[in-house]
Structure formats: structure tokens, C-alpha cells
Amino acid sequence: MKPRYVLHAFLAVMAVGWLVPLLWGLFNSLRDYDYTGTHGYFSFGGFTFQNYVDAWQRAEFGEKFLNSLYITVPAVVLTLFLSACAGFVLARFSFKLNLTLLGVFVAANLLPPQALLIPVYRAFRELELLNSYTGLILINTAFQMGFCTLVLSNYMKTIPHELYESAEVDGAGVSRQFFTLTLPLVRPALAALTTLQVTWIYNEFFWATVLLQDGDKFPITSSLNNLRGEFFTDYNLLSAGSIIVALPTLLVFFVLQRQFVSGLTLGSTKG
Amino acid sequence: MRSRRRLTPLDRIVVTLMIGVPLVFVVLLVWLPALSSVALSFSRWEGFGGLSSIDWIGFDNYQNIATIYPPFWPAIWHNLIWVGFLFLIPTPLGMFLAVLLDKEIRGSRLYQTAFYLPVILSLALTGFIWQLIYSRDQGLLNAVLGTQIDWYGDPNVNLWAVLVATGWKHTGYIMLIYLAGLKAVDPGLREAARVDGASEPRTFFSIVFPVLRPINLIVLVITIIESLRAFDIVWIVNKGRNGLEVIAALVAQNIIGEASRIGFGSALATIMLLISSVYVVVHLRATTRGEDR
């Protein structure tokens, strides 16, 4: 057997290399701009938390976090509920059009959002959904539903048919079967998808940037630009801002890592 | 079919609503806009006034795009470089890392975490984080190399700078997908190959890789989708200009801001839709395989 240390050395070097951009950002976010200005970035010292305080105030992160919350929470709840409904019908009943319907959902998820921009933008303007959270929530939901429907309906297909039959014998209608039998059984998939969707919708940049022209309503991902000056950029401040924006996703990731990974892979492996 | 016969009228309504409401969402917000983009691409419309003010001009927009719209061909070229790059470096690298990490080695989890940490960050944020490396005066890269290059600004290099940042994220994603796929490969297959005296690389290429066919398909599609959709990071860097023209950014440029050229932008959007329809079909076949028995 070949020695394992070659493998470990390779992986360790790669892993550290992979972390460098993040660690570099973290390191400099904790340093004073004047200090790095005079001593250069290859120095050690000038540690401060001030960048975080400044970034928080200048980019109005408190407000922007709330904006992200107002968009992400309803969008995730709506996406998962609607996908669970659609997935349930597709998994539980066999109609002729099942596969076509699934295709309609999944393909919608794969289309490039930019290609829909013009009609969506115009329609939203007519309906006064432009510059509103509602519009953004609706479009995020429509886009994410395809993936979730695919994952959930595949998951629901693994529920044995006998369970439904005995529920029917007990006189449970379709909606009771859905709420008391199906939903509890697909909890692992729902947990995985929640983690994933929270991350994705929180990270969503394109629709937020184009549909909310009012900077006050921007979610946090779209408002980092506020920290970039027109003529000069304080990179330490920008790093602190980046870390603040990344923090919720990092938290979700470290706490719910297992769910996150299984969510990402559910859609691609189980088919 | 047999369940359907038993449905009571109330259940029928419930089932219709459960599938109908999500369907309305997707049709109204995704499919209808997609078809409208195609229709509008044959028009000239400044966006003022009602729908009656639309001029229908046939294929003029397409002709103009191909002949007198300077950023178009560079954008197509950049998107092709994008997909080529992702296929040549981050995708095989992600697969390679997955193969290494699939073995029982100590600290495997730790390595995995490092590689897929970037996956959870938004591409917009990725653009910002890499700015600290690419900045001309204060960036890490110039400090290490002793150069004076504006990596994000110089049109000769900025595409590559952005691609490296994108690849940083893409590699981890691909690794994750292959790791999941490799777990599902029957260990007996590999054992048999080993007994037959096949080397590790040979076992992988002639036994494991073919078994991973469905995963390969998904990875293929994901990589193409990501390349065609490339938008966030170039928009963060310079709104898709000066060396970073990509097709998604061109669509956005034609609709946002003062010059809203709806017909023209729609023609660009339709070109995107046409390209994407190819991989949508491939993806649908891969994900719904075996269900149409």
C-alpha cells in the first residue's frame, strides 16, 4: 500500500488553499485601515473591531437584515408548502400527465432568470409589484418550486402505498392524509430543503437587484455595494461587511451541515 | 389510477387545488414570461404606452444583434470560455477530490468542509471576497507576485480572475455531488476489479465512472446552466462591461436604466432560452428517467 501521507499532504495543501480567500478576508476585517495603509497588508497588528461597527452603520445592515428576513421567510415557507402539495399529488396519484407536470415544474427551475426579466418587470410594474417584497417573494417561490417539487415527490414515492390505504379505511380524506401522514414522514427532506432554500433565497441577487430599485428595500446580499466608495474602497471595511453578510449562511451551514449536504445531493442523485 | 376512482368530490377539489395553485404560480411567473420574451423579440417597443404601441418587425432584432451590436459576439465567446473553463478545471478537480475523499481517511470531513464552504456563499459575495485578492493596490495577489495588475479591471485578465473565483465555488459543489454518487456505487464492483488486478485509476475509469452516468449527466447540465446564467459576479465587478460581457448581463443592460430596448433585450433573452432548452431536455431525461414505464 502506498503511504497515506502523500494523500494527506495533497489534501491539506488544497484545503488550506481553499480557505485562504476567506481567512484573508477575516484577518483583514479585524484590522485598522490606517495600520494596513502604513504597514501594508503583509503585517501583523492594528487589530480592531471598529470595521464591523462602521460597516454595520454605513451599510445600514440592521435594516437590511430585516429586509432579508421579510423576503426569505415567507418565500421559503411558501415554496415548501406549495412544492409539498404538488409533490404529494404527483407522487400519490398516477395521472396520465404526471410526468409532463413534473417537467413543467422542474424545467421552470432551470430557465435562466434573465431571460424572463423583461415580461416579469413589465407585468410587475402594471400590477404595482415592482419595488415590493410581495413581488420578490412570488418570483423566488416560482423559481425554487421546481427543484423542491422534484425532491419532495421523489421522497414521497418511497412512502408505502399501504399506509395510505389504511388511512383511507379510517376515513381520512386527501387533505388529512397529506397533513397527518405524508408531511410528518417527509420531515427529513423538508429539513434539508429548508436549509438549502434559506441559503439560496438569502443569497439571491439578481431579482432583488432588478425588481427593488429602492435601495432601502434591498436585502442584505444586494446592499454590500454601499460599502464600496466611488473613488476609493476601504477593503478592511468591505471585508467586515462581507463577513457580516456571510455570517447567517455560515451559521446555518455549521449547525445544519448534514441537512445542507443531503439537500444539495437529494436533487441530483435520487431520481 | 385505482386511487383516483375512490376520490370523493371534496377530495377531488383538494387534489385539484394542491396541484393547481403551484401550477398557476409556475405558469404565470415562469412560462408565460418566457413565451412573452420570445414574442417580444420580434418587436420594437420602447416600453411606453400600451401594448398597441408595439411595432412588429420580424427578425430585425436578431439581425441587429448579430451585425451591429458590438458586445454580442464577445459575450457569446466569454460564455463559451466560461463553460470550457468550468469543464476543464473545476469540474474534474471536484470529481478528483470526491474520489480521494470517498476513501476511508482520517479527517475526511474536515477536508470536505473546507472545499464546500464556498458553496454556501452567494456569487455576489464571492465577488467581494475575491476583491481583496485582486485589488491592484491592496490585493494579496499583486503583493505575492510583485505585479501591478488590476485583476478585476484589466479587460485582458478580468475574465480569468472572475473565472477563478467562480471555479473556487464550483469545485466544492461538484465534489459534493460526486461524493454522494460514489457512496451509491456498489463496493463489490470495485472489489472485483481489485481482485482482477486492475489499478486504481483503471478501476475508476472503466468501472466506477460508467456507473456514475446519471451523475455525470447532472453535472454536465449544472455546469452548462451555471455558465449560461453567469451574472451576479460580473454585475458586482463592473456590470458586465469592459472584458466581462456575458449574455445574461447584456439582457439586464438593455432593460435596466434609461435605455430600455425591450424588443432588442427580448431577442437576447430568447437566444438564452434557446440555448437553455437543450440542457433542460437533457436534465429532464436524467431526473425523470425510469418513471415513464
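In the predicted model, residues 159–182 of chain B form a span that is 100% helix and 0% strand, with end C-alpha atoms 33 Å apart. This span is one of those to which UniProt, in an unreviewed entry, assigns the feature "transmembrane region". The record also places that feature at residues 12–34, 80–101, 113–133, 203–225 and 262–284 of chain B. Over residues 12–34 of chain B, the chain is likewise 100% helix and 0% strand, and a distance of 31 Å separates the end C-alpha atoms.

The contact between the two chains draws 74 residues from chain A and 79 residues from chain B. On the side of chain B that touches chain A, the greatest contribution comes from helix H2 (residues 9–40) of chain B, which supplies 18 residues. By residue class, this side of chain B comprises 56 nonpolar, 15 polar and eight charged residues. For the complex, the predictor reports a pTM of 0.88 and an ipTM of 0.86.

Confidence was also examined for each chain. Chain B has an average pLDDT of 87, and 94% of its residues score at least 70. Among the elements of chain B, the mean pLDDT is highest in helix H4 (residues 72–88), at 95, and lowest in helix H1 (residues 2–5), at 50. Chain A averages a pLDDT of 87, with 95% of the residues scoring at least 70. In chain A, helix H4 (residues 61–92) has the highest confidence, at a mean of 94, whereas helix H13 (residues 257–269) has the lowest, at 69.

Terms used:
Residues numbered from 1 in each chain as written. Chains lettered and ligands numbered in written order. Predicted model: local features only at pLDDT ≥ 70, side-chain atom pairs only at ≥ 80, totals over all residues. Contact = placed C-beta atoms within 7 Å. Helix = DSSP H or I, 4+ residues; strand = E, 2+ residues; numbered from the N terminus. Nonpolar A, V, L, I, M, F, W, Y, C, P; charged D, E, K, R; others polar. pLDDT = per-residue confidence, 0-100. UniProt positions renumbered as here; feature names shortened; annotations may be inferred.
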